[in-house]
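Please open the model in your viewer and keep the sequence beside it. The tour goes from one selection to the next.

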Amino acid sequence: MLDSITCSGFTYHSYQVHAMVERRLNRNIIVSQPIRIYKHVSIEESLNWMSALNSIDRQWDNVAQYSVSIPDVNIPFGATFPVKLQVAPLSKGIKLQALTIDVVEQHELKISAPAGYSAQYNVHFLSSKQKHVIFSERYNLDDCMASESEGSDLEWCTTKTISLPQHLEACTQDVCLNTISIKHQVAFTIELLGVGEGLSMIKGTIPFNIYMSPHIINEHGTVRCVHIDRFHDDYVPPPPLYSKHQNDLLLPVAEGSLNTGTLQINCQQHLNNAFVNPIQLDCAPSYESVIRI
């Protein structure tokens, strides 16, 4: 069973529930109600799950070094997520003018040609490609750029937020079928001044996957907004609780007397062996135990 595939101006695959009340003397009453069906998405089982890079780090014509990244290439439907941009001009005369961020949805259809059309023109398939923007923001230099360090204009860094549409009719999830292919990408344009004459632009795209999840759809069919606040590289896990601590490991020492000579010989023997099995290492004694020499 296919998922419901509908978006603004397009209905590729939809479902309806029909009910009929039969009456003897009057006409039957027939009513219908549209419903949406989505499969449960699993990271391990999804065939459309992307593993592409979530960042671009390049140099443009020896003019500027730029880096654009998003937290992940798999984003839930209707979520908001940050976009990080860094620009390092390779010349002092280059100035940053503006930044434009778009989210583009691409539709590609492929259907079998009618028999008469195929026989006349020798064409077996008909294809159609369309794209439209579901998110667009333009930021001027004064509104979005902050120098990496105060008093320096050699590098700019900013983080902006992309808000995907939360209406089910505004966009759709990524689809990869034989007849229908729907993809999404983050498109950015960096406008620079001081490169030759006029305005120069650096353009690029980062493909990503929009997926439907039962955790983002409420009971009444509305979309629950999911906020992705940080990048994976920026996350620093907290230290473990004291009750979860682990004892330090020591090199094994021969049972018996703990004199300095014996300890030195045993340590030297184990240190000379490059492949020490950590499982064989003894744990440090507990604080409650007292060792008398």
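The structure holds four aromatic pairs; rings of Phe, Tyr and Trp (its six-membered ring) pair if their centres lie within 6.5 Å, with planes under 30 degrees apart counted as stacked, over 60 as edge-to-face and the rest as tilted. Select Phe-10 and Tyr-12: the ring centres are 5.7 Å apart and the planes are at 15°, so this pair is stacked. Phe-10 has a relative accessible area of 25% and is partly exposed. Here buried means under 20% relative accessible area, exposed over 50%, and partly exposed in between (1.4 Å probe, protein chains only).

This is a predicted model, in which local features need pLDDT of at least 70 and side-chain atom pairs count only at pLDDT 80 or more, while totals for chains, interfaces and linings use all residues. Residues are numbered from 1 along each chain as its sequence is written, and side-chain values use heavy atoms, with hydrogens and water left out.

Now show the whole chain as a cartoon. It has three helices and 17 strands; these are DSSP runs (helices H or I, at least four residues; strands E, at least two), numbered from the N terminus. Of its 293 residues, 31% count as buried.

Next, select Phe-81, Ile-162, Ile-190, Leu-192 and Phe-208. In the largest nonpolar core, which has 39 residues, these five touch the most other members. Such a core is a set of buried Ala, Val, Leu, Ile, Met, Phe, Trp, Tyr and Cys residues joined through side-chain atoms within 4.5 Å. Strands that each supply at least two residues of this core include β6 (64-69), β8 (80-89), β12 (156-163) and β15 (199-211). A second, separate core has five residues, among them Ile-5, Tyr-12, Ile-180 and Ile-182.

Which residues does Phe-81 touch, leaving out those up to four places away in sequence? Among them are Ile-70, Pro-71, Lys-160, Val-186, Phe-208 and Ile-228. Contact means heavy atoms within 4.5 Å.

Turn to the charged side chains. A search of the whole structure finds two salt bridges, each defined as a side-chain nitrogen of Lys or Arg within 4 Å of a carboxyl oxygen of Asp or Glu.

- Select Arg-36 and Glu-169, whose closest N and O atoms are 2.6 Å apart. Arg-36 is partly exposed at 31% relative accessibility, and Glu-169 is partly exposed at 44%.
- Select Arg-138 and Glu-191, whose closest N and O atoms are 2.5 Å apart. Arg-138 in strand β10 and Glu-191 in strand β14 are 53 residues apart, and the pair links distant parts of the chain. Arg-138 is partly exposed, at 46%, whereas Glu-191 is buried, at 6%.

Ser-4 lies in the segment before β1 (5-7). Is Ser-4 buried or exposed? Ser-4 is buried, with a relative accessible area of 2%.

Finish on the surface. Select Ile-111, Tyr-117, Tyr-121 and Leu-126, a nonpolar patch with about 380 Å² of accessible area together. Patches are made of residues with over 30% relative accessible area and no salt bridge, like charges being joined within 9 Å and nonpolar side chains (Val, Leu, Ile, Met, Phe, Trp, Tyr) within 5 Å. Leu-126 belongs to strand β10 (residues 125-140).

Terms used: Accessible areas come from the Shrake-Rupley method with a 1.4 Å probe; for residues, only the protein chains shown count as cover.
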